[in-house]
Amino acid sequence: MGRLFAIEIIYRGIFQKTLATRLSRSIVLAAHQEGKMGISFGRYGDSPERNGIPAKNFAIVATDEQTLQEGMAKYEPKQVDVTIAVDDTLCKGVESWAWYGLQPVNRLLKPGGTLIVTSREGPDAIIAMAHRKETPYNLAIVKGTVSFSGLWVYKDDHTDVRILGAIAKVLPDLFSLTSVQKVIMDQWKDAIKAESAARAYERIGTTTVRTDQGNPEVPYKFDFPKWHEMGEGIAIPSIPAGRNMEDPVSHVHGGFQPDRNPTFKKFSTRTMRPVVNFDTCIKCTLCWLHCPDSCFDVTPEGLYDANMQACCGCGVCEAVCPVKECVTMVNETEFGDNASQWEAWRNDKEGYQAWLAKKIESHPERSHGFRYRGQYEEQVPEMLEIARKG
Ligand code: SF4
Ligand code: SF4
């Protein structure tokens with residue numbers, strides 16, 4: 001029996017599909033340089049990979065054919081040596097299509113395995129986002145801005161080769177830096193990319209995450225009924241209409257909070273969230289009308305509170321709001337919960353304004369979108385500079 005290596009790449013559907021594919025493919029090719037064999041594949045098909053929904057690619061490599069066959073006789077690996085999260089906000093948990101409930105980002109990691117994250121944050125911020133694990137694991141951060149590309153366009157900011165260099169360092173039995181550089185030169189004939197991989201290899205460091213570190217919350221989950229628990233016939237319960245809301249200060253009832261799907265929450269799709277300045281809102285209803293996920297709760301005084309359990313972070317509300325900086329999309333890494341902003345504002349308006357100003361000031365520009373020709377070419381030099389500085 002030989003040795004089996006399993007690597008999973010967690011990415012945001014559509015926005016990072018090409019990046020994940022390039023990574024899993026290159027992992028297998030680099031291992032192949034050293035006489036190993038393997039396969040790379042996507043866990044989910046095209047249709048659920050929409051709007052940033054977390055999805056996965058896997059690279060399975062073995063030292064011999066029989067071990068590979070055995071390793072592949074599963075729908076998805078039960079354990080992996082390395083998990084790669086190409087967006088740091090995925091560390092809050094993953095609610096993939098075809099997965100029920102919230103899956104901790106480190107769930108499949110073997111004891112002592114390594115989580116590689118692309119982020120500008122430090123280890124403390126990443127550890128705080130990830131759920132606690134029953135066994136210690138290692139965290140390695142590839143410093144850089146999260147790379148959003150798109151299905152048809154690719155932002156060649158060296159994120160892929162930098163992660164390959166990091167893998168060579170944290171899992172040297174899989175492949176060496178030399179093999180990574182050989183694959184880079186074979187595929188892209190780009191010496192600067194090979195140099196980026198080497199730089200990541202030299203600079204990457206790991207932090208051991210203890211079992212008492214991380215988000216202590218138990219990720220939400222639910223069970224399907226067993227076949228013997230099902231009644232005759234099929235009844236699909238509809239979602240109730242909703243109810244009015246209670247003002248936390250005056251206790252007045254009014255407005256409207258729609259009922260929502262209790263089992264699919266969508267917030268792990270989000271890389272940004274809207275923050276609302278309730279003091280400048282003119283109650284025009286545009287955010288409520290245009291939100292594709294019916295996220296807005298209507299408060300008793302007719303304001304609009306984006307419900308963070310339901311918001312997928314698309315940014316439409318920011319785009320349609322006619323009041324300058326009334327709605328601002330802020331990097332999801334800035335937040336530790338899904339609490340109501342309106343309730344916070346009602347309880348302490350001055351405190352809320354101070355909180356809001358801080359959140360808006362500290363948010364780095366993020367964008368999933370490919371908005372115009374030449375956009376990525378404009379953005380790449382800055383991203384490479386961040387990568388260069390490490
Ligand atoms: S970002 Fe705004 S428009 Fe988009 S889902 Fe969230 S609340 Fe709705
Ligand atoms: S679009 Fe802006 S101004 Fe209009 S209701 Fe929504 S938050 Fe208020």
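**Close-up 1. The second largest cavity and its lining.** V276, C281, I282, K283, C284, T285, C287, Y304, C321, C326 and V327 line the second largest cavity of this predicted model. A cavity here is a set of points on a 1 Å grid over the protein atoms alone where a 1.4 Å probe fits but cannot get out, and lining residues have an atom within 4 Å of a point. The space inside the second largest cavity comes to about 80 Å³, counted as the space filled by probe spheres set on the points. Its lining has nine nonpolar residues, one polar and one charged; Cys, Val, Ile and Tyr are among those counted as nonpolar, and Lys among the charged.

**Close-up 2. The largest cavity.** Three cavities of 30 Å³ or more turn up in the whole structure, and the largest holds about 100 Å³. Of the 14 residues around the largest cavity, C291, C295, C311, C314 and C317 lie nearest its centre. Eleven of the lining residues are nonpolar, two polar and one charged.

Close-up 3. Take a look at D81 in strand 4, residues 80-85 (strands are DSSP runs of E, at least two residues, numbered from the N terminus). D81 is buried, at 9% relative accessible area, where buried means under 20% with a 1.4 Å probe and protein chains only. Its side chain makes a polar contact with the side chain of K110 at 2.9 Å; such a contact is a pair of N or O atoms within 3.5 Å, one able to donate a hydrogen and the other to accept it. Leaving out residues up to four places away in sequence, D81 also touches other residues, including R3, F5, T114 and L171, with heavy atoms within 4.5 Å.

**Notes.** Residues are numbered from 1 along each chain as its sequence is written, and chains are lettered from A and ligands numbered from 1 in the order in which they are written. In this predicted model local features need pLDDT of at least 70, side-chain atom pairs count only at pLDDT 80 or more, and totals for chains, interfaces and linings use all residues, while side-chain values use heavy atoms, with hydrogens and water left out.

Methods. Helices (H or I, at least four residues) and strands (E, at least two) are DSSP runs, numbered from the N terminus. Buried means under 20% relative accessible area, exposed over 50%, partly exposed in between (1.4 Å probe, protein chains only). On a 1 Å grid over the protein atoms alone, a cavity is a set of points where a 1.4 Å probe fits but cannot get out, and a pocket is an open set with protein on both sides within 12 Å along at least five of seven lines; lining residues have an atom within 4 Å of a point.
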